[in-house]
There are 2 protein chains.
Amino acid sequence: MKQKSMDQQDDVPLVFVHRPPSFHFPFKDRLSTHFNLLDPLDSPDSTHFVRRHANSIRVLLCVDPTPISSDLLDLLPNLQLIVGSSVGVDHLDLSDCRRRGIAITNSGVAFSEDVADLAVGLLIDVLRGISAAARFVRSGFWAKTGDYPLGFKLGGKRIGIVGLGNIGSQVAKRLEAFGCIISYNSRRKKPSVPFAYYANIYDLAVNSDVLMVCCALTEETHHIVNKEVMAALGKEGVIINVGRGALIDEKEMVRFLVRGEIGGVGLDVFENEPDVPKELFQLDNVVLSPHSAVATPECFDALEELIIFNLKAFFSHEPLRSLVELE
Amino acid sequence: MKQKSMDQQDDVPLVFVHRPPSFHFPFKDRLSTHFNLLDPLDSPDSTHFVRRHANSIRVLLCVDPTPISSDLLDLLPNLQLIVGSSVGVDHLDLSDCRRRGIAITNSGVAFSEDVADLAVGLLIDVLRGISAAARFVRSGFWAKTGDYPLGFKLGGKRIGIVGLGNIGSQVAKRLEAFGCIISYNSRRKKPSVPFAYYANIYDLAVNSDVLMVCCALTEETHHIVNKEVMAALGKEGVIINVGRGALIDEKEMVRFLVRGEIGGVGLDVFENEPDVPKELFQLDNVVLSPHSAVATPECFDALEELIIFNLKAFFSHEPLRSLVELE
């Protein structure tokens, strides 16, 4: 596709691109047909580039959870909207955005099904030992040593969902089909939900066999799964985390696992990604996933649609989808 | 528990135990409180032991899928019932049993949920690469080489279930919750089932992204997944097998996988267990499971209940559960 030069694109809406240096987002070409993408990292002097365009910029596309400093926001006095590409918005200072009158959209439900699928996959894996048994077979141990240890049944397990938003609801829907018993914790009780509600995660853990951690990372939820919660969950308890690494006190979790004080974990996220605590590599009741809950082409297609929808909606003064609540 | 000697147990119903030499079935103690278990392998001379009790034996408990020869059946002229402990009955000669007037019960629905859970777990694993990605993280590659390749979404996948019995129905129920589209092949169309029916597996494969092999192994279903079916399924197609190894032409499957002519497989069963074709050990789109679909304590508890129920029912002339159709 032949692209117009920037000077020819004065009639095309400007979108400022904020991305990690190493990330070349896959839908850049398609976005370029609708919008004039200003990407400072494409310029030899990015600071100068930003200053030159600063006053024209009303929309920022934030690719991946790339932190946005208040210094950058200071440079963009006319910014009205940040279009995010992730579910979590912990890389943004929400109160600062509210103060500046900047709206934020996230990936909304585009990722929910894929993240829920992976969460359920990790749970089946931890309970039934799929990836540990796969290593056992691949190492030739099946033929040499005989049967692999028993796993645990999904049906009848009490599943405590931490954060019953888009992802948590999809997790609940799937696990109900396995005969699991669902309850949840969230900031507020959801009026139209048939599951038992616990106002705090400690009570949820006491009454659950499994915690599915699906909530957003905020100041309030940082280390929401702490040692008291893990102790309440107990020796047979399982934790699955598809939210953010810092939702769990990772150091404490490693201690609980090493001491056998918790049953197992399935983790797609870690506190210092891509670094994973080495102690976990030796444990067969631990399933490690490289933050790939959203890593399907279908997910990226859905995200691309949503981003283009929101950018077009903004420039034509239509309502936006998946606005983040800036309370 | 103190057990009575055999001579004191004349009033206790006799149950003949047929098991593999290495297998000590976990519910022997509990069965012993209700029945007088005659286990030839407990005797120094098993042939003599069988002959001595032959005429008294009306019920045989077959532990694991242990083959029963017609020579053994010749020795037991009054045998009326074989109580099996597996779903599959490919280790028994059904027409010979029918001819002799011997009824057979299998494990019925005791295993269905656990087998379906593992089948779904294997499918999520193959599509999303869970166990391959877990090896990637454990080997330290995430921190060194960056992102793991994308997987595939479950939602919208066309799932072809081969054998819509107890297990296949449970698989369908689960995968509907993931937004999959279900169709099936079985000997006969099921009247009360909403899914599309294909009278042969080839047409099912043409119209499916995934084949879930859940049927019994019989003469008719031996190598039901042959090279024509695999070619019909195509390069992106996935096969999950929780039935029996010989339902798939394993040598052809290995060729298809090595040549990249099929998308991936998740296998709990193999033609020559516990031997697994070595070529599979190198492939990341292959998830290998050591015939552990039924390996949960809950499964064994349910099986124990069913076996005791059927043995008691037999001796009190009550209807049996999970009778195998001897057509």
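**Figure 1. A salt bridge links B:Glu298 and A:Lys157.** The two side chains meet at 3.5 Å, N to O. Here a salt bridge means a side-chain nitrogen of Lys or Arg within 4 Å of a carboxyl oxygen of Asp or Glu. Between chain B and chain A the count is eight salt bridges. What you're looking at is a predicted model, in which local features need pLDDT of at least 70 and side-chain atom pairs count only at pLDDT 80 or more, while totals for chains, interfaces and linings use all residues. Residues are numbered from 1 along each chain as its sequence is written, chains are lettered from A and ligands numbered from 1 in the order in which they are written, and side-chain values use heavy atoms, with hydrogens and water left out.

**Figure 2. Here's where chain B touches chain A, with 56 residues of chain B in contact with 56 residues of chain A.** Contact means heavy atoms within 4.5 Å. The two chains bury about 4,700 Å² between them, and 64% of that is on carbon and sulfur atoms. Buried area is the accessible area (1.4 Å probe) that two parts lose on being put together, summed over both. In chain B, the residues that lose the most area to chain A are B:Arg128, B:Arg138 and B:Trp142, together 19% of what that side buries.

**Figure 3. Polar contacts cross the interface in 22 residue pairs, both residues at pLDDT 80 or more.** A polar contact is a pair of N or O atoms within 3.5 Å; within protein, one must be able to donate a hydrogen and the other to accept it, and residues adjacent in sequence count only if both atoms are side-chain atoms. Several elements of chain B each supply at least two residues of the side that touches chain A, including α5 (112–128), α6 (130–138) and α12 (297–315). Helices (H or I, at least four residues) and strands (E, at least two) are DSSP runs, numbered from the N terminus. The most comes from α5(B), with 10 residues.

**Figure 4. Chain B superposes on chain A by a rotation of 180°, with 0.0 Å of shift along its axis.** The RMSD is 0.1 Å, with the copies superposed by least squares on the C-alpha atoms of residues with pLDDT of at least 70 in both. That's the relation of a two-fold axis. In chain B, the C-alpha nearest the axis belongs to B:Ser131, 2.3 Å from it. The copies meet through the same surface, because 100% of the interface residues of chain B are also interface residues in chain A.

**Figure 5. An open sheet of seven strands in chain A pairs in parallel.** The order is β8-β7-β6-β9-β10-β11-β12. Two strands pair if DSSP finds at least two bridges between them. At the edges stand β8 (196–197) and β12 (286–288) of chain A, each with a single partner strand, so one side of each is left without a neighbour in the sheet. Inside the view, four bridges join β9 (residues 210–213) to β10 (residues 238–241) of chain A. A:Met212 stands opposite A:Ile240 in β10(A).

**Figure 6. A:Arg100 and A:Asp96 form a salt bridge at 3.2 Å, N to O.** These residues are four apart in helix α4 (residues 94–100) of chain A, which means that about one helical turn separates them. Over all chains, the count comes to 38 salt bridges.

**Figure 7. Some backbone details sit in the loops.** The peptide bond from A:Glu273 to A:Pro274 is cis, with omega near 0°. A:Pro274 lies in the loop between β11 (264–267) and β12 of chain A. In chain B, the bond from B:Glu273 to B:Pro274 is cis too, with omega near 0°. A:His291, in the loop between β12 and α12 (297–315) of chain A, has phi near 45°, a positive value in a residue other than glycine.
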